[in-house]
Amino acid sequence: MKNVKLLFILLAIVMTSCSTDSEDIITQADLTLDTATRTAILSELETTLTEQKRVLIKYEDSKVIEIDGEMFLRAWSGDFVTTTLLGKGKDGKLQTRGVSCTTTACSGIPNACEPNERGYCSPCTGGDCTKTTTEDDGLAEIGE
């Protein structure tokens, strides 16, 4: 019985000591977004989108989601849904990648009007997908 416990302890140590070269890998522990960062992202988007859409945008709810291995901040303001691409920053926390996509018509359609690493929004059959770019928050370059 002692040997089995020792084996599990050694296995756990080996598994936790392994590391990767990529700083951009997001783990389960990274699925949270610092409150100050979330507030800053949403505040900048509210200001920018209110000017673009000529409608008051005030986010009532938001959450961090994972889609196809990518992390996003999704926020809701009335009929508007904004999805912001996130990545792991140099400090190891989730940060904005600087690309957001906002829609009303495609808000319930999976993979529609979502930002990607290349800075584009995926197509929206309703045609109302608006891309917004903001400054990223000190993210590690991909492949660094």
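Author: Happy to. Let's start with helix 2, whose buried residues are Thr-37, Ile-41, Leu-42, Leu-45, Glu-46 and Leu-49. They cover an arc of only 165 degrees around the axis, so they sit on the same side of helix 2. Keep in mind that this is a predicted model.

Reader: What covers the buried residues of helix 2?

Author: The cover includes strand 1 (61-67), strand 2 (70-77), strand 3 (80-88), strand 4 (94-103) and strand 5 (130-133).

Reader: And which exposed residues are on the face turned away from the buried side of helix 2?

Author: That face carries Ala-36 and Glu-51.

Reader: How do you know that the span of helix 2 agrees with its 19 residues?

Author: Helix 2 runs over residues 35-53, and at 1.5 Å a residue it should span 27 Å. Its end C-alpha atoms are 26 Å apart, which agrees.

Reader: What happens at the start of helix 2, and what comes just after it?

Author: At the start, a side-chain oxygen of Asp-34 comes to within 2.9 Å of the backbone nitrogen of Ala-36. Just after the helix, Arg-54 has a positive phi of about 60 degrees.

Reader: Now a charged one. Why is Arg-74 called buried?

Author: Buried means under 20% relative accessible area. Arg-74 has 16%, so it is buried. Its place is in strand 2. Not counting residues up to four places away in sequence, Arg-74 touches Asp-61, Ser-62, Lys-63, Ile-65, Ile-67, Val-81, Thr-82, Thr-83 and Glu-114.

Reader: What makes the pairing of Arg-74 and Thr-83 a polar contact?

Author: The cut-off for a pair of N or O atoms is 3.5 Å. The side chains of Arg-74 and Thr-83 are joined at 3.0 Å, and that counts as a polar contact.

Reader: Why does Arg-118 count as exposed?

Author: Exposed means over 50%. Arg-118 has 66% relative accessibility, so it counts as exposed. You'll find it in the loop between strand 4 and strand 5. The C-alpha atoms of Arg-118 and Val-99 are separated by 9.2 Å, with the two residues 19 apart along the chain.

Reader: What about Asp-68, buried or exposed?

Author: Asp-68 has 71% relative accessibility, so it counts as exposed. Asp-68 lies in the loop between strand 1 and strand 2, and its phi is near 50 degrees, a positive value in a residue other than glycine.

Reader: Zooming out, what pattern does the protein follow along the sequence?

Author: It goes α-α-β-β-β-β-β, with two helices and five strands. Buried residues make up 38% of the 144 residues. Among contacts between residues at least 6 apart in sequence, 48% join residues at least 24 apart.

Reader: And where is the pLDDT below 50?

Author: The protein averages a pLDDT of 78, and 72% of the residues score at least 70. Over residues 14-24 the pLDDT is below 50, and that stretch has nine contacts in the model beyond near neighbours in sequence. Residues 138-144 are also below 50, with 21 such contacts.

Conventions
Residues numbered from 1 in each chain as written. Predicted model: local features only at pLDDT ≥ 70, side-chain atom pairs only at ≥ 80, totals over all residues. Heavy atoms only, no water. Helix = DSSP H or I, 4+ residues; strand = E, 2+ residues; numbered from the N terminus. Expected span 1.5 Å × (residues − 1). Buried < 20%, exposed > 50% of the residue type's maximum accessible area, 1.4 Å probe, protein only. Arc of directions from axis to C-beta. Contact = heavy atoms within 4.5 Å. Polar contact = N/O pair within 3.5 Å; in protein donor to acceptor, adjacent residues only side chain to side chain. pLDDT = per-residue confidence, 0-100.
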